[in-house]
Amino acid sequence: MTGRVLVAGIGNIFLGDDGFGPEVVRRMPPGPDPRVRIVDYGIRGMHLAYDLLEPWDALVLVDALPDRGQPGRLEILRAEPDPDHPAALDAHGMDPAAVFAGVRALGATPPPTVVVGCQVASTAEEIGLSEPVAAAVAPAVDAVGRVVAGLLVQRTEV
């Protein structure tokens, strides 16, 4: 079995470091692998929810993470949909919980999800990434590539 992986850059480019996800996917090299789709969703949570109705084997979310004292620090973690979060359509919600709830409201199940995130320095109303977050973009591109390659290998070995 071959897997299909959706890479979704999420975030608001008008809120400083919140634009991390869109910037990373913008810099991703176009891949020749038809099993991988890379999309800048920005703040279009409903668009992502509808796209997740397709049969994806995995989702990689690229997003800004709250500042926990290390702006620019990359983190890779699994996102588990919260079954207690009410299944509802939220045309203005872009956080993963809202997207997953939207997918469930549409009658589907979110695929296994990995988050490649970066701790922010500022989400003030401005365009452009702070210096530490901008410095994390290239390493994040590499990290997303490694995560996707690992997910594809896992799917082909099943």
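Biologist: Where is the place of Asn12?

Modeller: This is a predicted model. In it, Asn12 sits in the loop between β1 and α1.

Biologist: Why is Asn12 called buried?

Modeller: Its relative accessibility is 17%. Buried means under 20%, so Asn12 counts as buried.

Biologist: Which residues does Asn12 touch, not counting those up to four places away in sequence?

Modeller: Asn12 touches Asp18, Gly19 and Ile43.

Biologist: What makes Ile13 partly exposed?

Modeller: Ile13 lies in the loop between β1 (5-10) and α1 (20-27). Its relative accessibility is 44%. Buried is under 20% and exposed is over 50%. The value falls in between, so Ile13 counts as partly exposed.

Biologist: What makes the nonpolar surface patch that includes Ile13?

Modeller: Ile13, Phe14 and Ile127 make it, with an area of about 340 Å². Patch residues need over 30% relative accessible area. Ile13, at 44%, therefore passes that cut-off.

Biologist: Which residues touch the most other members in the largest nonpolar core?

Modeller: Val5, Val7, Phe20, Val24, Val60, Val62 and Val144 do, out of 25 residues. Two or more residues each come from β1, α1, β3 (58-65), β5 (113-119) and α5 (137-157). α5 gives the most, with nine residues.

Biologist: How do you know that Val7 is in contact with Val60?

Modeller: Contact means heavy atoms within 4.5 Å, and Val60 is listed among the contacts of Val7 beyond four places in sequence. Others include Val25, Ile38, Val62, Val144 and Val148.

Notes. Residues numbered from 1 in each chain as written. Predicted model: local features only at pLDDT ≥ 70, side-chain atom pairs only at ≥ 80, totals over all residues. Heavy atoms only, no water. Patch = residues over 30% accessible without salt bridge, like charges linked within 9 Å, V, L, I, M, F, W, Y side chains within 5 Å. Areas by Shrake-Rupley, 256 points an atom, 1.4 Å probe, with all protein chains shown as cover. Salt bridge = Lys/Arg side-chain N within 4 Å of Asp/Glu carboxyl O. Helix = DSSP H or I, 4+ residues; strand = E, 2+ residues; numbered from the N terminus. Buried < 20%, exposed > 50% of the residue type's maximum accessible area, 1.4 Å probe, protein only. Core = buried A, V, L, I, M, F, W, Y, C linked by side-chain atoms within 4.5 Å.
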